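This report concerns helix packing and charged side-chain pairs. The sequence and structure are shown first.

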Amino acid sequence: MDDKPEYARNSESTKRACHEAVFHLEEKHIEKRKNDVDRDCGISTGCDPKAFKAVASRISNEKVFLIQELGFGHVQQFRCSELNLSLCKMLLDNFSVEKCTIKIQGRNLTVAEKDFDRLMGLRCRGTEVSLPKSVIHDPEVADLQGIIWGVDKEMSIDRLRRNVVFSDDPDNLFVVSFVLFALAIMYCPSRAGYVDPRLLLLVKDRKRMRSYHWGRLAFRKLLEEVKLYQNNKTDHIGGCLVFLQLFYLSVIGEKMFIIPKSVPPVMT
């Protein structure tokens, strides 16, 4: 029997109903993005800072602390919610994968994995981690998939989002769901609304996962996607495009931004 007073139960029910309404709107947003191509610049991306920011804003303080331990920084301070795809395309066209430089206003500027820490607070030290070239059958991963997505094991962004916000098991289901959600929609995305099954291999060892070098993983994924784009193999760009936008803004030094030195300069 529930010992909570009726007003408390009603409050929780109202709060959950509000969350469900917001989730419904976010589902429509992600569904629209699956086939959404910017008509002006002709590219699309799975990187969705708007959806990431919406979820980060509803994470409890207890869970925020766990996220920082995982190496994902101050996600609640993330303020960027829109990608300028025309700007991103310009940066992609001026990106030298071989030299790891971007040409901005006539200057060839070096881009490095450590910039993921500087701009987004992503850990850039620790245990080396990488994605395999193909999906590897692993019984532990299959079991984990069932725990996260249920009996149908449909790897949906929506289920991950719900787990992140509503999970009462912060040390297990929440941690795994958050890492998958953050990688799939923000730091190492592929297609919009798609969870790369290879990401499951990164979260099966939850203890080791807390020491991963996420910055290197995200940087290598970005380089891989830029190379595919420049070789005219795709008009859909994976990888963390919002990082390129933040890098550009940090170089230009928009006067409208006031960036505290003690906080990673995550910008709009």
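The following paragraphs describe a helix contact and then several salt bridges in this predicted model.

**Helix packing**

Helix H6 (residues 139–149) and helix H8 (residues 170–187) have axes that come within 11 Å and cross at roughly 95 degrees. Since angles of 65 to 115 degrees count as roughly perpendicular, H6 and H8 are therefore roughly perpendicular to each other. On the H6 side, the contact is made by Leu-144, Ile-147, Ile-148 and Trp-149, and on the H8 side by Leu-173, Val-176, Ser-177 and Leu-180. By class, seven residues of this contact are nonpolar, one is polar and none is charged.

**Salt bridges**

The structure holds ten salt bridges.

| Salt bridge | Distance, N to O |
|---|---|
| Arg-118 and Asp-115 | 3.1 Å |
| Arg-216 and Glu-128 | 2.6 Å |
| Asp-196 and Arg-198 | 2.8 Å |

Arg-118 and Asp-115 both belong to helix H5 (residues 114–120), where they are three residues apart, about one turn of the helix. Arg-118 is partly exposed at 36% relative accessibility, whereas Asp-115 is buried at 7%.

Arg-216 lies in helix H11 (residues 214–230) and Glu-128 in the loop between H5 and H6, so their pairing ties together parts that are 88 residues apart in sequence. Arg-216 is partly exposed, with a relative accessible area of 23%; Glu-128 is also partly exposed, at 38%. Both residues belong to a network of salt bridges that links Glu-113, Glu-128, Arg-216 and Arg-220.

In the remaining tabulated pair, Asp-196 is buried at 8% relative accessibility, and Arg-198 is buried at 16%.

Conventions: Residues are numbered from 1 along each chain as its sequence is written. This is a predicted model: local features need pLDDT of at least 70, side-chain atom pairs count only at pLDDT 80 or more; totals for chains, interfaces and linings use all residues. Side-chain values use heavy atoms; hydrogens and water are left out. Axes are lines fitted to C-alpha atoms, for helices over the stretch in contact, and angles run from 0 to 180 degrees between N-to-C directions. Helices (H or I, at least four residues) and strands (E, at least two) are DSSP runs, numbered from the N terminus. Angles under 35 degrees count as roughly parallel, over 145 as roughly antiparallel, 65 to 115 as roughly perpendicular and the rest as oblique. Contact means heavy atoms within 4.5 Å. Ala, Val, Leu, Ile, Met, Phe, Trp, Tyr, Cys and Pro count as nonpolar, Asp, Glu, Lys and Arg as charged, and the others, Gly among them, as polar. A salt bridge is a side-chain nitrogen of Lys or Arg within 4 Å of a carboxyl oxygen of Asp or Glu. Buried means under 20% relative accessible area, exposed over 50%, partly exposed in between (1.4 Å probe, protein chains only).
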